[in-house]
Amino acid sequence: RVAAEAEAEAELARAEAEAADLPSELHEAAEAGDAGRVQVLLEGGADPALRHVRYGFRVPYDVAKTREVRNAFRKARAELPERWDWAAAHVPQGLTEQEEADREERERAKAREKKKKAEKARKERRKQEEAERAAAAALLVEATAGADLAALSASIEKAQGVGCDGAELERARERLAALQFEATDPAAIARREREKRAAAAEARLNRLTGGAQ
């Protein structure tokens, strides 16, 4: 029994060694992404249906990592349809040079269309941004001419966010600083109070004068 087990293990070791010695160039080229080498090997008689122990008993097509390599197998199938068992090699339908050229042209057309759409989207985005800058600039000019601190501050923040002209922003900031100073300066506050009382007195006088007439 011990001798039989030893013989079986030896036989298994010999089988594994023989499997490891099988040609692996096509697997190596496929895994490395070398489509040219794959083509040369297939044309030279490398069997695409061969499974290799070092590659988990997979066929070369199954270890291909790029479309170029997979297409090399498909072109070989189109050119040599009867030479190998392509179904066992897991190679799908053959790919002729014309079919590949047509596919590449479709992909280029798709890429052009994608680029065209992206450019259109960029133009629309720029147009929208320009409209937003114009609207923000108009609000900024209006707020700069007024005396509303909150409105001016908000318009400055909006204009900064959309990239309005620096000179106009600088004028708005100067105006904001002046309004903030007036809002806190005692002399300015007193002057506004006097102006407010004078306006109220003038309004009362006008009402009285109008009533007397």
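## Nonpolar cores

A nonpolar core is a set of buried Ala, Val, Leu, Ile, Met, Phe, Trp, Tyr and Cys residues joined through side-chain atoms within 4.5 Å, where buried means under 20% relative accessible area, exposed over 50% and partly exposed in between, with a 1.4 Å probe and protein chains only. This is a predicted model, in which local features need pLDDT of at least 70 and side-chain atom pairs count only at pLDDT 80 or more, whereas totals for chains, interfaces and linings use all residues. Residues are numbered from 1 along each chain as its sequence is written, and side-chain values use heavy atoms, with hydrogens and water left out.

The largest nonpolar core holds 18 residues, and those with the most contacts inside it are Leu26, Ala30, Val38, Leu42, Val69, Phe73 and Val91. Two or more residues of this core come from each of helix H2 (25-32), helix H3 (35-43), helix H4 (60-63) and helix H5 (67-79), and H5 gives the most, with 4 residues. Helices (H or I, at least four residues) are DSSP runs numbered from the N terminus. A second, separate core has 12 residues, including Ala143, Leu152, Ala159 and Cys164. In soluble globular proteins, nonpolar side chains tend to be buried together.

Contact means heavy atoms within 4.5 Å. With its neighbours within four places in sequence left aside, Leu42 is in contact with Leu26, Pro48, Ala72, Phe73, Ala76, Leu80 and Arg83.

Trp86 is placed in the loop between H5 and H6 and counts as buried because its relative accessible area is 3%. Not counting residues up to four places away in sequence, Trp86 touches Pro48, Phe73, Ala76, Arg77, Leu80, Pro81 and Val91. The C-alpha atom of Trp86 is separated by 105 Å from that of Glu202, which lies 116 residues apart from Trp86 along the chain.

Ala49, in the loop between H3 and H4, is partly exposed because its relative accessible area is 21%. Residues up to four places away in sequence again not counted, Ala49 touches Val59, Asp85, Ala88 and Ala89.

## Two buried histidines

His27 lies in helix H2 and counts as buried because its relative accessibility is 1%. Its side chain reaches the backbone oxygen of Arg58 at 2.7 Å, and a polar contact is a pair of N or O atoms within 3.5 Å, of which, within protein, one must be able to donate a hydrogen and the other to accept it, while residues adjacent in sequence count only if both atoms are side-chain atoms. Leaving aside neighbours within four places in sequence, the contacts of His27 include Leu50, His52, Tyr55, Arg58 and Val63.

His52 is found in the loop between H3 and H4 and is buried because its relative accessible area is 0%. A polar atom of the side chain of His52 lies 3.1 Å from the backbone nitrogen of Arg54.

## Helix H6

Helix H6 (residues 97-145) has 49 residues and reaches 72 Å from its first C-alpha to its last, close to the 72 Å expected at 1.5 Å a residue, the expected span being 1.5 Å times one less than the number of residues. The buried residues of H6 are Glu100, Arg103, Ala136, Leu140, Ala143 and Thr144, and these pack against H5, helix H7 (149-162) and helix H8 (166-184).

## Confidence

The mean pLDDT (the predictor's confidence in each residue, from 0 to 100) of the protein chain is 86, and 91% of its residues reach 70 or more. Confidence is lowest in helix H1 (residues 2-20), at a mean of 64, and highest in H4, at 96.
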